[in-house]
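Here is a tutorial dialogue on reading helices, a sheet and a ligand shell. Look at the sequence and the model first.

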Amino acid sequence: MDLLKDKTALVTGSSRGIGAAIAKLFARQCAKVVVHGRDGAALSAVRGEIEHAGGRAMHLVADMTKFSDIEAMRCQIEQELGPIDILVANAGGSFTKPGPLEHTSEDEWRASLDGNLTATFLTIKTFLPGMKERRAGNIITISSAAARRSHAGSPIPYAAAKGGIEILTQDLAVQVGPYGIRANCIAPETILTERNKQRIPEAQQEALINQHPMRRLGTPEDVADAALYLASDNARWITGIVLDVAGGAVMV
Ligand SMILES: NC(=O)c1ccc[n+]([C@@H]2O[C@H](COP(=O)([O-])OP(=O)(O)OC[C@H]3O[C@@H](n4cnc5c(N)ncnc54)[C@H](OP(=O)(O)O)[C@@H]3O)[C@@H](O)[C@H]2O)c1
């Protein structure tokens, strides 16, 4: 229960979904956790749950596509909790409907790139100098099964942005390894978050289940357990990997 004792973790996009599950699990493992998003009420609820269970948390609002917002957030965190040891760059999502490439608008393309790849870049850019100075740190990024294998129904801008996050993470791992910093990426398949439960019709959920050798869809907790492993010293010799959390639906 204390795999992350004495660590401070920022989980971006933890007002709900996968990020909220990671934040709650990290807090149960004794990390001080920064819960982040844009929806103040949802953030208070996640923070409240953590504190109610005896954990320590703060919550902050920032738009992860804006460097100035992230820098301001870093200053507030360092004043209140000290430097970040574990950074989970999770905020993101698919902002494009699947469809033929030529029907994708420039705005949709930019929204997916900005909201995933650029947000991940800006997040890491903000917290990396401190980690390098301290010669310690742990970075986890989030890709998607959409970037792991081609699919006719793939939202191409999202898949391309997530593919970019994978190579960003691996190049970063090479750069920062000598500083004692690890960088790894998790690529989940379909995860039944509250949003996906509402978004994906039941018949489609059934069809998706059959594409998974494990015969179920993922849960936010499946991803959180993988993130805990990578964040902990149990993974001390692991850097630069893309970990498929996919119930066997992706084998690369
Ligand atoms: N669910 C899946 O099936 C699945 C599969 C593969 C990969 N992923 C990836 O896993 C991550 C989490 O997904 P999820 O399904 O848990 O998403 P979700 O339930 O939609 O939650 C997304 C989180 O990210 C935050 N966020 C998004 N854009 C942001 C921005 N520009 N600035 C600040 N916060 C922002 C949201 O904040 P607010 O809601 O407070 O605004 C929310 O906390 C994403 O990177 C997603 O691409 C998800």
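Q: At what angle do helix 4 and helix 5 pack?

A: Start with the terms: helices (H or I, at least four residues) and strands (E, at least two) are DSSP runs, numbered from the N terminus. Axes are lines fitted to C-alpha atoms, for helices over the stretch in contact, and angles run from 0 to 180 degrees between N-to-C directions. Here helix 4 and helix 5 (residues 156-176) pack at about 15°, and their axes are 8 Å apart. This is a predicted model, in which local features need pLDDT of at least 70 and side-chain atom pairs count only at pLDDT 80 or more, while totals for chains, interfaces and linings use all residues. Residues are numbered from 1 along each chain as its sequence is written.

Q: Which word describes the way helix 4 and helix 5 lie to each other?

A: Angles under 35 degrees count as roughly parallel, over 145 as roughly antiparallel, 65 to 115 as roughly perpendicular and the rest as oblique. Helix 4 and helix 5 are therefore roughly parallel to each other. As for handedness, a crossing is left-handed if the near helix is turned anticlockwise from the far one by less than a right angle, and right-handed if clockwise. Helix 4 passes helix 5 in a right-handed crossing.

Q: Which residues of helix 4 and helix 5 meet?

A: Two residues are in contact if their C-beta atoms, placed from the backbone, lie within 7 Å. On the helix 4 side they include Trp109, Leu113, Leu117 and Phe121, and on the helix 5 side Tyr158, Ile165 and Leu172. For classes, Ala, Val, Leu, Ile, Met, Phe, Trp, Tyr, Cys and Pro count as nonpolar, Asp, Glu, Lys and Arg as charged, and the others, Gly among them, as polar. The contact of helix 4 with helix 5 has 12 nonpolar, four polar and three charged residues.

Q: How does helix 1 lie to helix 2, and how to helix 8?

A: Helix 1 and helix 2 (residues 40-52) pack at about 20°, with axes 10 Å apart, and are therefore roughly parallel. In that contact, Ala20, Ala23, Lys24 and Ala27 of helix 1 meet Val46, Glu49 and Ile50 of helix 2. The classes are five nonpolar, no polar and two charged. With helix 8 (residues 220-231), helix 1 (residues 17-28) makes an angle of about 50°, and the axes are 8 Å apart. Helix 1 and helix 8 are therefore oblique. Right-handed is the term for the crossing of helix 1 and helix 2, and also for that of helix 1 and helix 8. The residues where helix 1 meets helix 8 divide into 12 nonpolar, one polar and one charged.

Q: What is the order of the strands in the sheet?

A: Two strands pair if DSSP finds at least two bridges between them. The open sheet has seven strands in the order 3-2-1-4-5-6-7, with parallel pairing. Strand 3 (56-61) and strand 7 (242-245) are the edges, each pairing on one side only. The twist averages 20° from one strand to the next. Helix 1 packs on this sheet, and its direction makes about 170° with that of strand 1 (8-11). Helix 4 lies across strand 4, strand 5 and strand 6, at about 170° to strand 4.

Q: Which residues come nearest to the ligand?

A: A residue is near a molecule or strand if its C-beta atom, placed from the backbone, lies within 6 Å of it. There are 28 residues around the ligand, and Gly13, Gly17, Gly37, Arg38 and Gly92 come nearest. Helix 1 gives the most to this shell, with three residues. By class, the shell has eight nonpolar, 15 polar and five charged residues.
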